[in-house]
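Please keep the structure in view while you read.

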Amino acid sequence: MQTITIRNLNFAYPGQPPLFTDCNLDFNSNWRLGLVGRNGRGKTTLLQILQGRRDYRGRVTSKLNFAYFPLKITNQTLLSGDALLAACPNQALEQWQIERELGLLGVDPALLGQPYQTLSGGERTKVQLATLFAQDNSFFLLDEPTNHLDLPGRRQVAAYLAHKQSGFIITSHDQDFLDQVIDHTLVIERHQLVLSQGNYSAYRRHKEQRDQHAQATNRQLKAEIKKLTAARQQRLQWAQRAEGEKKGNSHADKGFIGAKAAKMMKKTIATANRLDQAITERQGLLENVEEVAPLTLNYQPAHQQTLLSLDQVSLAIAGQQLFRPLTCTVHRQEQLALVGPNGVGKSSLIKAIAGHFGGDVSGNIILPTGVTVSYVRQDYATNTGSLQQFADRYSLPYDLLLSLLRKLGMDRATFAVPIEQMSMGQQKKVELARSLLTPAQLYIWDEPLNYLDTYNQQQLIQLVKDYRPPLLFVEHDQHFINAVASQQVPVTPL
């Protein structure tokens with residue numbers, strides 16, 4: 001066991017507010033540490049700092065060899081085994097070691113003999129995790145490994161990590177997953193690192209108690225501030241009336257009235273100063289509680305009752321059929337979840353509906369004329385440039401785009417950052433905001449929760465409940481599916 005020490009850590013990206021301010025932390029290498037926090041708060045940045053990949057002020061002390069997920073696969077045309085070994089050039093690693101870890105994961109090692117580019121997102125996650133844990137004497141930094149994993153895959157990986165003896169730091173927005181694998185929780189709360197013992201649910205319970213107390217205290221303080229402000233204003237009005245009485249009464253004893261006004265003004269100024277000080281003191285005690293605003297949707301209800309029909313639809317790549325023929329229909333106010341294991345072809349089906357699938361399509365995909373579809377894509381690397389350029393490209397009202405991003409928790413300072421330089425969570429919010437602002441009669445979302453924090457997940461659940469838009473979606477978070485889906489449509493492998 002070794003200790004990782006952080007002292008007086010300060011970090012900010014150029015032109016942006018600090019992510020970390022004078023942070024201090026000690027944790028042990030045998031901990032299974034969950035790193036959580038709102039998007040853009042610096043989770044990935046902190047992992048990069050630990051690896052020495054970011055310049056910072058302060059001191060980070062560790063003798064550990066860090067192994068980072070996701071791996072950087074430079075040549076996806078190679079067989080998976082070769083591509084994975086090439087991603088770890090500094091490790092004395094052999095393929096049999098990866099196969100051993102795949103066996104512990106419950107994954108067929110035959111995946112290593114397939115071209116890497118043919119693997120699904122979930123399969124890539126599993127073979128990369130096996131490659132990392134095949135490395136001896138490493139401390140593992142796992143950045144969002146639950147993305148692209150279906151529910152069985154998440155359970156599979158959770159069981160695998162739960163039996164590992166080595167420590168790690170892991171980021172994820174899947175609370176159920178974190179509860180199964182971590183024993184400490186590290187939360188980035190507005191520039192500071194807050195460490196607690198226990199799983200994520202224990203942290204949430206404690207935070208909810210803190211927030212409830214803070215909100216009650218804030219309400220009391222705001223009421224006191226309002227009362228003190230009114231008293232201060234009343235004092236000033238009294239003094240002004242006395243001064244007005246002096247100026248407006250030409251026949252009265254101006255000496256007496258002037259002395260009275262001066263005395264009143266002196267007393268009022270002294271009282272106002274005391275009230276100012278009391279107001280300032282109470283404002284300094286106000287706590288910054290996380291606020292979550294409701295989202296809006298530019299939903300344009302269609303006249304048609306049926307928005308999308310799939311009749312005996314099946315897909316094939318290079319003559320290999322992906323799933324059994326599928327029939328389903330999306331009607332008004334229906335939300336259909338496509339469910340099935342990783343690699344079965346759910347995302348490919350969405351691409352086929354959009355007309356972007358490169359393989360063979362059989363059966364009928366019927367999208368009525370005039371129905372506008374708004375997509376959330378799983379791959380949105382084409383979102384580049386400034387937010388103003390992005391808004392112009394997609395004919396979105398720029399002010400509404402910024403307003404929606406603020407509701408999603410994005411800091412104003414981030415608005416000046418090119419999209420491709422934003423964090424993955426921030427980039428996902430831009431993609432999501434585009435879909436929510438686009439006038440549409442039908443919504444098709446491919447894994448909308450990837451990279452989004454738990455606050456955003458709850459916002460999306462409430463949005464769908466409020467608007468009940470026609471929706472076809474792929475998602476692996478069971479809580480989200482249960483909350484919003486009116487029907488679950490199985491995509492069944494052959």
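## The second largest pocket

How much space lies in the second largest pocket? About 520 Å³ lies there, where a pocket is an open set of points on a 1 Å grid over the protein atoms alone, with protein on both sides within 12 Å along at least five of seven lines, and lining residues have an atom within 4 Å of a point. Grid points are joined across faces, edges and corners, and a volume is the space filled by probe spheres set on the points. The model is a predicted one, in which local features need pLDDT of at least 70 and side-chain atom pairs count only at pLDDT 80 or more, while totals for chains, interfaces and linings use all residues. Residues are numbered from 1 along each chain as its sequence is written, and side-chain values use heavy atoms, with hydrogens and water left out.

The lining of this pocket consists of 19 residues, and Gln175, Arg204, Thr454, Tyr455 and Gln458 lie nearest its centre. Helix 6 (175–181), helix 7 (200–248) and helix 13 (454–467) are the elements that give two or more residues to this lining, and helix 7 gives the most, with 6 residues; helices here are DSSP runs (H or I, at least four residues), numbered from the N terminus.

## The cavities

The whole structure holds 2 cavities of 30 Å³ or more, a cavity being a set of points where a 1.4 Å probe fits but cannot get out. The largest cavity has about 90 Å³ of space, and of its 14 lining residues the closest to its centre are Asn147, Arg154, His173, Leu449 and Gln457.

The second largest cavity, with about 30 Å³, is lined by Phe27, Leu35, Leu46, Leu47, Leu50, Ile169 and Leu186. Helix 1 (residues 43–50) gives the most to this lining, with 3 residues.

## Aromatic rings

There are 9 aromatic pairs, counted where ring centres of Phe, Tyr and Trp (its six-membered ring) lie within 6.5 Å, with planes under 30 degrees apart called stacked, over 60 edge-to-face and the rest tilted. Phenylalanine 390 and tyrosine 394 are a tilted pair, because their centres are 5.0 Å apart and their planes stand at 55 degrees. Tyrosine 443 and tryptophan 445 form an edge-to-face pair, at 6.2 Å centre to centre and 70 degrees between the planes.

Tyrosine 394 also has arginine 434 over its face, at 5.3 Å from the ring centre; the rule asks that CZ of Arg, or NZ of Lys, be within 6 Å of the ring centre and within 35 degrees of the ring normal.
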